[in-house]
Amino acid sequence: MKGVEITVTVLLASIVLGYLMAFIAGFCRLSNNVILRKFTGFYVEVFRGTSLIVQLFWLYYALPILFGIEIGSDFWAGVLAISLNYGAYMSEIVRGSILSVAKGQIEASTALNMSRFQRMRLVIFPQALRMMLPEFGNYLILMLKSTSLVSLIGMMDILYYGDILRSSNLSQAPTVYLLVLVFYFILALPLIWLTKKMESVSKKGVAS
């Protein structure tokens with residue numbers, strides 16, 4: 001129970017920053033600016049192509065030593081690693097969903113003399129957002145599971161306290177890890193429900 005607060009706090013901060021990064025990177029990948037598009041593409045490929053654990057260690061250990069860049073605390077190192085990693089994955093969902101909107105919708109809004117911003121805000125994005133919801137829900141659960149990695153940099157989350165209990169009595173290791181599993185599953189239940197809700201909302205008003 002002592003570690004639940006840290007786990008939930010890291011999760012909530014990662015969700016906010018992760019989705020923010022996803023939308024920023026997703027829109028930048030569709031930009032007419034070549035430099036912005038290439039830079040964002042580099043970010044997405046690097047963070048999708050490398051391990052989250054390695055990224056966490058880089059932010060927490062390597063950056064301060066090699067470049068003198070201090071993240072500020074283990075909390076922000078953990079949140080940044082999770083949000084940047086999943087933000088890269090989810091940015092492709094944003095980009096793909098926007099590109100999946102029927103061309104006829106764009107042509108119709110152009111015929112109505114809408115500006116590029118109006119087309120995106122009023123026609124394209126609302127339809128794309130509906131397509132994003134199911135996948136976004138799945139990534140909520142994945143982010144929760146990834147919060148267990150912050151114990152590797154000394155943050156006192158659920159797994160951290162589980163390891164302490166296990167190290168003090170090795171014979172109780174199976175019981176301890178079973179309890180850790182149960183704790184994560186209980187925390188995941190609201191997210192599972194939310195994911196199903198998002199899936200049902202995404203299907204409303206859509207012809208099967």
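Visitor: Where does Ser151 sit?
Guide: In this predicted model, Ser151 is in the loop between H6 and helix H7, which covers 158–168.

Visitor: Buried or exposed, that serine?
Guide: Ser151 has a relative accessible area of 13%, and the cut-off for buried is under 20%, so Ser151 counts as buried.

Visitor: And what does Ser151 touch, leaving out residues up to four places away in sequence?
Guide: Ser151 touches Asp157, Leu159 and Tyr160.

Visitor: Let's move on to Val176. Which helix is that in?
Guide: Val176 is in helix H8. Val176 is buried, with a relative accessible area of 9%.

Visitor: What are the contacts of Val176, skipping residues up to four places away?
Guide: Gly162, Leu165 and Arg166. There's also a distance for Val176 and Tyr161: they are 15 residues apart in sequence, and their C-alpha atoms are 9.6 Å apart in space.

Visitor: Stepping back, how many helices and strands are there in the protein?
Guide: Eight helices and zero strands. Reading from the N terminus, the order is α-α-α-α-α-α-α-α.

Visitor: What box do the C-alpha atoms fill?
Guide: Roughly 70 × 45 × 25 Å, taken along the principal axes. Of the 208 residues in the protein, 39% are buried.

Visitor: And of the contacts between residues at least 6 apart in sequence, what share joins residues at least 24 apart?
Guide: That share is 74%.

Visitor: What about the largest nonpolar core, how many residues has it got?
Guide: It has 42 residues. Those with the most contacts inside it are Val10, Tyr19, Tyr86, Met90, Met132, Phe136 and Met143.

Visitor: Which helices each supply at least two residues of that core?
Guide: H1 (4–28), H3 (52–66), H4 (74–100), H6 (116–146) and H8 (173–203) each do. Apart from this core lies another one, of six residues, including Ala25, Tyr43, Leu84 and Ala88.

Visitor: Now helix packing. At what angle do H1 and H8 pack?
Guide: About 35 degrees, with the axes 12 Å apart. H1 passes H8 in a right-handed crossing.

Visitor: Which residues make that contact?
Guide: From H1, Val4, Thr7, Val8 and Leu11; from H8, Phe183, Tyr184, Leu187 and Leu191. By class, the H1 contact with H8 has seven nonpolar residues, one polar and no charged ones.

Visitor: What about H5 and H6, what angle do they make?
Guide: Helix H5, residues 103–111, packs with H6 at about 165 degrees, and their axes are 10 Å apart. An angle over 145 degrees counts as roughly antiparallel, so that's what H5 is to H6. The crossing of H5 past H6 is right-handed.

Visitor: Which residues of H5 and H6 meet?
Guide: In H5 they are Gln105, Ile106, Ser109 and Thr110, and they meet Arg119, Val123, Ile124 and Gln127 in H6. Sorted by class, this contact has three nonpolar, four polar and one charged residues.

Visitor: Asn113 is in the loop between H5 and H6. What is its phi?
Guide: Asn113 has a positive phi of about 65 degrees although it isn't a glycine. Most residues other than glycine have a negative phi.

Visitor: Is Asn113 buried or exposed?
Guide: Exposed, because its relative accessibility is 69% and the cut-off is over 50%.

Visitor: Last one, Arg29. Where is Arg29 found?
Guide: Arg29 is in the loop between H1 and helix H2, which spans 34–49. Arg29 is buried, with a relative accessible area of 18%.

Visitor: What does Arg29 touch, not counting residues up to four places away?
Guide: Arg37, Thr40, Gly41, Val44, Glu92 and Arg95. As for Ala77, it is 48 residues from Arg29 along the chain, and the two C-alpha atoms are separated by 25 Å.

Definitions and conventions
Residues are numbered from 1 along each chain as its sequence is written. This is a predicted model: local features need pLDDT of at least 70, side-chain atom pairs count only at pLDDT 80 or more; totals for chains, interfaces and linings use all residues. Side-chain values use heavy atoms; hydrogens and water are left out. A nonpolar core is a set of buried Ala, Val, Leu, Ile, Met, Phe, Trp, Tyr and Cys residues joined through side-chain atoms within 4.5 Å. Buried means under 20% relative accessible area, exposed over 50%, partly exposed in between (1.4 Å probe, protein chains only). Helices (H or I, at least four residues) and strands (E, at least two) are DSSP runs, numbered from the N terminus. Axes are lines fitted to C-alpha atoms, for helices over the stretch in contact, and angles run from 0 to 180 degrees between N-to-C directions. Angles under 35 degrees count as roughly parallel, over 145 as roughly antiparallel, 65 to 115 as roughly perpendicular and the rest as oblique. A crossing is left-handed if the near helix is turned anticlockwise from the far one by less than a right angle, and right-handed if clockwise. Contact means heavy atoms within 4.5 Å. Ala, Val, Leu, Ile, Met, Phe, Trp, Tyr, Cys and Pro count as nonpolar, Asp, Glu, Lys and Arg as charged, and the others, Gly among them, as polar.
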